[in-house]
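Open the model in your viewer and keep the sequence panel beside it. This tour tells you what to select at each stop.

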Amino acid sequence: MGTLPPFPPLLLVAVIFSFLSSSCLAVTSHEAAAIARRQLLNFEKHGDHVHIDIDIEIKVSNPRLAAAHRALHALKRALYSDPGNFTGDWAGPDVCAYNGVLCAPSPDNASASAVASLDMNAADVAGYLPREIGLLSDLAVLHLNSNRFCGVIPEEVANMTRLYELDVSNNRLVGAFPGAVLRVPELSYLDIRFNDFEGPIPPELFLRPYDAIFLNNNRFTSGIPDTIGRSTASVIVLANNDLGGCIPPTIGQAAATLDQFVFLNNSLTGCLPLESGLLANATVFDVSHNLLTGAIPPTMGGLAKVEQLDLSHNTFTGVVPADVCGLPALTNLSVSYNFFTGEDAQCSSALLDAKLDKSLEDEANCMGNVRPMQRSAGLTAGWSEEIKEGWN
């Protein structure tokens with residue numbers, strides 16, 4: 001809404017016509033004249049002033065950029081707060097000049113531009129994701145982490161047929177696992193950690209050709225799907241949920257690709273499956289802070305590339321075997337807060353030499369005076385009774 005001093009009508013038409021005819025607005029002279037006449041008819045006179053409502057439809061000749069313009073402005077309207085004015089320059093037809101937007105030649109037409117990336121990481125904006133975001137069909141990278149987006153991920157995300165990397169971590173998103181992402185054909189990197197998603201993990205997740213899957217710090221339940229063994233991901237992080245149940249023995253089938261296996265703090269029960277030792281390419285194996293029981297399976301000596309092995313804060317028993325302490329790439333082994341009654345002599349010689357830059361954490365077990373900071377006999381007996389009650 002603008003307020004102007006009194007103008008003769010013909011002069012006012014000329015002013016509007018001149019304003020609209022500027023090249024930055026991408027309208028023809030005929031269109032400018034038509035809009036000027038229309039605005040002249042819409043005057044509302046109040047005393048000595050004339051109030052003019054100017055409604056200019058910005059035209060973008062590239063249909064891909066026109067769709068992106070609509071999507072980005074829908075996203076801007078969906079923001080409740082933008083304290084850093086991240087979207088302050090999201091105005092006008094040139095979306096490629098917008099903050100956080102990167103354009104590249106269209107995959108279908110190298111002479112035309114398309115929006116290839118939207119990076120709003122740590123913008124501290126608050127709002128929701130509108131359905132129009134699916135209009136960004138050429139997007140390859142969508143980074144929205146460390147903001148205050150709430151609500152659900154819209155189904156229209158499935159229309160992002162070229163999306164390769166999706167990161168909406170560290171927001172306030174809710175609902176069931178966002179099934180729409182499973183229908184994005186090119187997706188390889190999925191990061192939805194640190195949100196409030198809940199319910200089961202769909203088995204189809206591990207059938208998609210993803211390279212990295214980050215689901216940690218949500219509220220997922222109902223166990224780990226058996227299909228995890230068919231995953232091609234090099235990184236699977238499910239930490240800090242409430243999945244429960246056992247680690248599926250099918251995990252061994254992921255040996256060819258799995259590099260980082262992080263399942264800590266998930267209320268997992270049962271024994272480590274023998275097939276865990278088949279993960280010969282894994283460098284990180286972390287199942288700490290669960291309710292796993294039994295002895296360390298002898299097959300764990302097959303973790304030839306593992307550098308960090310964390311079995312702490314479970315209820316494992318027996319002896320820490322030499323095959324584990326002597327793993328060739330191992331630099332950090334934690335078996336603390338379990339009920340191990342001893343460890344092979346190789347553990348001390350292989351992992352307690354400061355010159356080798358290796359570490360062994362084995363406190364709060366049942367090794368008596370052989371190792372420092374062990375459970376007392378009375379405490380051990382009390383814990384044993386609690387464990388038996390829990391098992392029953």
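**Stop 1: the whole chain**

Start with everything shown as a cartoon. Bear in mind that this is a predicted model. Colour by secondary structure: the protein chain has six helices and 24 strands. Now colour by accessibility. Of the 392 residues in the protein chain, 46% are buried. Next, turn to contacts. Among contacts in the protein chain with a separation of 6 or more, 49% are between residues 24 or more positions apart.

**Stop 2: the six-stranded sheet**

Select β4, β7, β9, β11, β13 and β15. These six strands form an open sheet, in the order β4-β7-β9-β11-β13-β15, and their pairing is mixed. Which strands stand at the edges? They are β4 (79-81) and β15 (219-221). Each has a single partner strand, so one side of each is left without a neighbour in the sheet. Look along the sheet for its twist, which averages 20° from one strand to the next.

Zoom in on β7 (residues 126-128) and β9 (residues 148-151). These strands run parallel and are joined by three bridges. Pick out Ala126: its bridge partner in β9 is Arg148. Then pick Gly127, which stands opposite Phe149 in β9.

Step across to β11 (residues 172-176). It pairs with β9 in the parallel sense, over two bridges. As a reminder while you look, strands of a sheet pair through backbone hydrogen bonds, either parallel or antiparallel.

**Stop 3: aromatic rings**

Show the side chains of the aromatic residues. How many aromatic pairs does the whole structure hold? A search finds seven. One of them is Phe177 with Phe220. The pair is tilted, with 6.1 Å centre to centre and 45° between the planes. Phe177 lies in the loop between β11 and β12 (189-191), while Phe220 is in strand β15, so the pair ties together parts that are 43 residues apart in sequence. Both Phe177 and Phe220 are buried.

Move on to Phe261, Phe263 and Phe285. Ring pairs link these three into a cluster.

Arg193 lies over the face of Phe214, 4.4 Å from the ring centre. The charged end of Arg375 sits over the ring of Phe339, at 4.4 Å from its centre.

**Stop 4: the cysteines**

Select the cysteines and show their sulfur atoms. The structure holds two disulfides. With the bonded cysteines of the protein chain numbered in sequence order, the pairing is 1-2, 3-4.

Go to Cys96 and Cys103. Their sulfur atoms are 2.1 Å apart, and they form a disulfide. The torsion about this S-S bond is about -90°, so the disulfide is left-handed. Cys96 is partly exposed, with a relative accessible area of 26%.

Now select Cys325 and Cys347. This disulfide has an S to S distance of 1.7 Å. Is it left-handed or right-handed? The torsion about the S-S bond of Cys325 and Cys347 is about 75°, so the disulfide is right-handed. Cys325 lies in helix α4 (residues 322-325) and Cys347 in helix α5 (residues 345-351), so the pair ties together parts that are 22 residues apart in sequence. Cys325 and Cys347 are both buried.

Check Cys271 next. The closest cysteine sulfur is in Cys246, 7.9 Å away, which is too far for a bond. Cys271 counts as partly exposed, at 45% relative accessibility. Finish with Cys366, which counts as buried at 18%.

**Stop 5: Val306**

Last, select Val306. Where is Val306 found? It is in the loop between β19 (293-294) and β20 (308-310). Val306 is buried, with a relative accessible area of 0%.

Show what surrounds it. Leaving aside neighbours within four places in sequence, Val306 is in contact with Ala282, Thr283, Val284, Phe285, Leu327, Ala329 and Leu330. Phe285 also belongs to the ring cluster from Stop 3. Draw a distance from Val306 to Leu327: their C-alpha atoms are separated by 7.5 Å, and the two residues are 21 residues apart along the chain.

Definitions and conventions:
Residues numbered from 1 in each chain as written. Predicted model: local features only at pLDDT ≥ 70, side-chain atom pairs only at ≥ 80, totals over all residues. Heavy atoms only, no water. Pairing = 2+ DSSP bridges. Helix = DSSP H or I, 4+ residues; strand = E, 2+ residues; numbered from the N terminus. Axes fitted to C-alpha atoms, helices over the stretch in contact; angles between N-to-C directions. Phe/Tyr/Trp six-rings, centres within 6.5 Å; stacked < 30°, edge-to-face > 60°. Buried < 20%, exposed > 50% of the residue type's maximum accessible area, 1.4 Å probe, protein only. Lys NZ or Arg CZ within 6 Å of the ring centre and 35° of its normal. Disulfide = S-S within 2.5 Å. Contact = heavy atoms within 4.5 Å.
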